[in-house]
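Please read it alongside the sequence and the coordinates.

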Amino acid sequence: MSTQYDSIVEQYDEFRKKVGTRLENYNIQQALAPYIKGAKILDLACGTGHYSHQLIDWGASQVVGVDISAGMIATAKARAISSDVSYQIEDCSKPKKIGGGPFDIVFGSWLLNYAPDASVMVDMFTNISMNMKEGGRFIGATVKASENPREYVEATAKMNIMFWEYGRIEWTGDVDGGISTRVIADVGSGTLSFKNYHLSKSAYGKAAKEGGMKGPLRWKTLSLPEDESEIFGHKLKDREKQWAEYSKLPHFSILEIEKD
């Protein structure tokens, strides 16, 4: 995995405060809710710890956060507020037993989208599987599940609704199993830009099985909270219309896979 984030820690933190991230937070909490109480969780690609402490707040008993970026991990450690959360610098794309495991849940928000091809995604799933207890599960956020990622990226350029303050996505090339992209977003301290990959929906399923995650795979249905002001700070006009439009081309999907 790339260390591209070492130089953009501040901008990425600002990026993670946007409306799209609050929507992501809500849906991730919903996906984890049935399993998180008392769980020991491995937080892969944890960045500055955006989710690590939230996982404790949501009911986990222990969290180990792992990221390849020394800058991100240094910031996460500086912000640590609970002895139940610890951090390590590791490459999440390299299969390796992580100290503190095995884990009930392996969590990965924006992990799998850094697999530059299908073979590296297999390695990521192998890493997930080898650090998970039997009967455990992976839950994470990644790019929109699509069999035609380039068509999806081209369609998002026409979106013009509040959810897409997330930023814009540009196609940069083809890779084995999908495409490479660049995400560009305006934040208070300037423009944030980082490389990303968007493999096909079927590539995800195949890589999961080859990496040892042979149980049911589910792409979760996204939802808005009953009171959308939790996300936007105010009520939406034409809530149902805006949500229907966004739901056709959401900027993320949530994946749940059981180990066996």
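In this predicted model, helix α5 covers residues 118-130; helices (H or I, at least four residues) and strands (E, at least two) are DSSP runs, numbered from the N terminus. The 13 residues of α5, at 1.5 Å a residue, should span 18 Å, and the end C-alpha atoms are 18 Å apart, which agrees. The expected span is 1.5 Å times one less than the number of residues in the helix. Local features need pLDDT of at least 70 and side-chain atom pairs count only at pLDDT 80 or more, whereas totals for chains, interfaces and linings use all residues. Residues are numbered from 1 along each chain as its sequence is written, and side-chain values use heavy atoms, with hydrogens and water left out.

- The buried residues of α5 are V120, M121, V122, M124, F125, N127, I128 and S129, where buried means under 20% relative accessible area, exposed over 50%, and partly exposed in between (1.4 Å probe, protein chains only).
- The elements covering these buried residues include the strands β1 (40-44), β4 (103-109), β5 (132-142), β8 (190-199) and β10 (253-258), together with helix α7 (201-210).
- N127, which lies in α5, counts as buried because its relative accessibility is 2%.
- Beyond residues up to four places away in sequence, N127 touches L44, C92, K94, P95 and K96, a contact being heavy atoms within 4.5 Å.

**Cysteines**

- The structure holds zero disulfides, a disulfide being a pair of cysteine sulfur atoms within 2.5 Å.
- C46 is in no disulfide, and the nearest cysteine sulfur, that of C92, is 7.4 Å away.
- C46 counts as buried because its relative accessibility is 6%.
- C92 likewise counts as buried, at 1% relative accessibility.

**The β6-β7-β8 sheet**

- Three strands form an open sheet in the order β6-β7-β8, with antiparallel pairing; two strands pair if DSSP finds at least two bridges between them.
- β6 (168-175) and β8 stand at the edges with a single partner strand each, so one side of each has no neighbour in the sheet.
- From one strand to the next, the twist averages 20 degrees.
- Seven antiparallel bridges join β6 to β7 (residues 178-187), and W171 stands opposite T181 in β7.
- Helix α6 (residues 149-156) packs on the sheet and touches β6, β7 and β8, its direction making about 160 degrees with that of β6; axes are lines fitted to C-alpha atoms, for helices over the stretch in contact, and angles run from 0 to 180 degrees between N-to-C directions.

**L217 in strand β9**

- L217 belongs to strand β9 (residues 217-219) and is partly exposed, with a relative accessible area of 31%.
- Leaving aside neighbours within four places in sequence, L217 is in contact with Y204, G205, A208, L255, E256 and I257.
- The C-alpha atoms of L217 and I257 are separated by 4.4 Å, although the two residues are 40 residues apart along the chain.

**Whole chain and confidence**

- The protein chain has nine helices and 10 strands, and buried residues make up 56% of its 260 residues.
- Among contacts with a separation of 6 or more, 69% are between residues 24 or more positions apart.
- The chain averages a pLDDT of 89, and 90% of the residues score at least 70; pLDDT is the predictor's confidence in each residue, from 0 to 100.
- Confidence is lowest in helix α1 (residues 9-15), at a mean of 62, and highest in β1, at 98.
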